[in-house]
Amino acid sequence: MKKFLSCTLPALILAFSAQAQVNVYENPGNLKVLPPDISASELLEVMKGFAIGTGFRCSSCHVGEEGQPFTEYDFASDEKQLKRSARAMLQMVNTINGTIRTGLGDDRTEVRCITCHRGVNQPRLTGEVLTEAAESGGIEELKQTYASLRDRYHGTHSYDFSDMTLSDFALSRAAAGETEQAEAMFALLLEDNPKSFMGHWRYGEMMHRAGNTEKAVHHYRKAIEANPGAGGFLQPRIDQLLAPAEPE
């Protein structure tokens, strides 16, 4: 997403400015959800919100080609399914906002396209994308998908790369019986953040349950190094794991 924002956003802004200069937003036709008396400047802001919020381009919804002058676009046409879908989504947004304002009495909160889409076409959670990759292509596709997502979107709000989210995903793979995938995800997490308390603690927990004393103790100790205050509840687990077995 960094590359998208750094390269595409300026182009979007320039494009929208060019559109405004040729009055493509004046007297729009075939409005079915937006107010018919919407001003050109208001419509411009709505379209900018759509593009930046969802990552779609003007030509995604409207009849026209990339690089074609906007004066040659058929903005009124309903030919494209994505435009019709966008109308349905906008109606949903209006309904949600109406419920928030009237049902909850909250005028400060507003749902927008970016609330769910976060700048990407499909508003999916990090764990969902990684799960699909793991189930379809195993560890290698999981690694490739994670690397691709992180390279493009880390530092944005499009996907969540927090230790909690990634360790949750790893534990979900372990619960599905895919221990190797879980370990691979923990390895990726700790490669990016070697001092992650959450990563080491939860990796240790997984190894503890799996009966792998060596790895459990290692990661418990790393968790304590990252957060000495955790020693109060982790050190007893280490002591228990390292205690000699009682004679039968």
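Modeller: Let us begin with Leu234, which counts as buried because its relative accessible area is 0%, and the cut-off for buried is under 20%. Please keep in mind throughout that this is a predicted model. Leu234 lies in helix 11, and, leaving aside its neighbours within four places in sequence, Leu234 is in contact with Phe197, Trp201, Tyr220, Ala223 and Ile224.

Biologist: How far apart in space are Leu234 and Glu205, C-alpha to C-alpha?

Modeller: Leu234 and Glu205 are 29 residues apart in sequence, and their C-alpha atoms are 9.9 Å apart in space. Glu205 belongs to helix 9, and both residues take part in the meeting of helix 9 with helix 11.

Biologist: How should I read the packing of two helices?

Modeller: Two packed helices are described by the angle between their axes and by the distance between those axes. In this model, helix 9 (residues 197–210) and helix 11 (residues 231–242) pack at an angle of about 35°, and their axes are 13 Å apart. The crossing in which helix 9 passes helix 11 is left-handed.

Biologist: Which residues in helix 9 and helix 11 meet?

Modeller: From helix 9 come Phe197, Trp201, Glu205 and His208, and from helix 11 come Phe233, Leu234, Arg237 and Leu241. Sorted by class, this contact of helix 9 with helix 11 has five nonpolar, one polar and two charged residues.

Biologist: What else does Met198 touch, not counting residues up to four places away in sequence?

Modeller: Met198, which also lies in helix 9, touches Asp163, Met164 and Ser167 when residues up to four places away in sequence are not counted. Met198 and Met164 are 34 residues apart in sequence, while their C-alpha atoms are 6.7 Å apart in space.

Biologist: Now I would like to see the chain as a whole. How many helices and how many strands does the protein chain have?

Modeller: The protein chain has eleven helices and zero strands. Of its 248 residues, 35% are buried. If you take the contacts between residues at least 6 apart in sequence, 51% of them join residues at least 24 apart.

Biologist: And how does one read the empty space in a model?

Modeller: Rolling a probe the size of a water molecule over the atoms shows where empty space is left. Here the largest pocket holds about 850 Å³ of space. There are 38 residues lining this largest pocket, and the closest to its centre are Met47, Phe50, Cys61, His62 and Ala86.

Biologist: Which helix gives the most to the lining of the largest pocket?

Modeller: Helix 4 gives the most, with ten residues. Helix 1, helix 2, helix 3 (58–61), helix 4 (81–103) and helix 5 (113–117) each supply at least two residues of that lining. By class, the lining of the largest pocket has 26 nonpolar, seven polar and five charged residues.

Biologist: What is the volume of the second largest pocket, and which residues lie nearest its centre?

Modeller: The second largest pocket has a volume of about 370 Å³. Its lining consists of 20 residues, and Phe50, Leu90, Val111, Arg112 and Cys113 lie nearest its centre. Helix 2, helix 4 and helix 5 are the elements that give two or more residues to this lining, and the largest share, seven residues, comes from helix 2. By class, the lining of the second largest pocket has eleven nonpolar, four polar and five charged residues.

Biologist: What is the phi of Asn27, and what is the phi of Arg118?

Modeller: Asn27 has a positive phi of about 50° although it is not a glycine, and Arg118, also a residue other than glycine, has a positive phi near 55°. Asn27 is in the loop between helix 1 and helix 2 and is exposed, with a relative accessible area of 74%. Arg118 is in the loop between helix 5 and helix 6 (126–153), and Arg118 is buried, with a relative accessible area of 15%.

Technical notes
Residues are numbered from 1 along each chain as its sequence is written. This is a predicted model: local features need pLDDT of at least 70, side-chain atom pairs count only at pLDDT 80 or more; totals for chains, interfaces and linings use all residues. Side-chain values use heavy atoms; hydrogens and water are left out. On a 1 Å grid over the protein atoms alone, a cavity is a set of points where a 1.4 Å probe fits but cannot get out, and a pocket is an open set with protein on both sides within 12 Å along at least five of seven lines; lining residues have an atom within 4 Å of a point. Grid points are joined across faces, edges and corners, and a volume is the space filled by probe spheres set on the points. Helices (H or I, at least four residues) and strands (E, at least two) are DSSP runs, numbered from the N terminus. Ala, Val, Leu, Ile, Met, Phe, Trp, Tyr, Cys and Pro count as nonpolar, Asp, Glu, Lys and Arg as charged, and the others, Gly among them, as polar. Axes are lines fitted to C-alpha atoms, for helices over the stretch in contact, and angles run from 0 to 180 degrees between N-to-C directions. A crossing is left-handed if the near helix is turned anticlockwise from the far one by less than a right angle, and right-handed if clockwise. Contact means heavy atoms within 4.5 Å. Buried means under 20% relative accessible area, exposed over 50%, partly exposed in between (1.4 Å probe, protein chains only).
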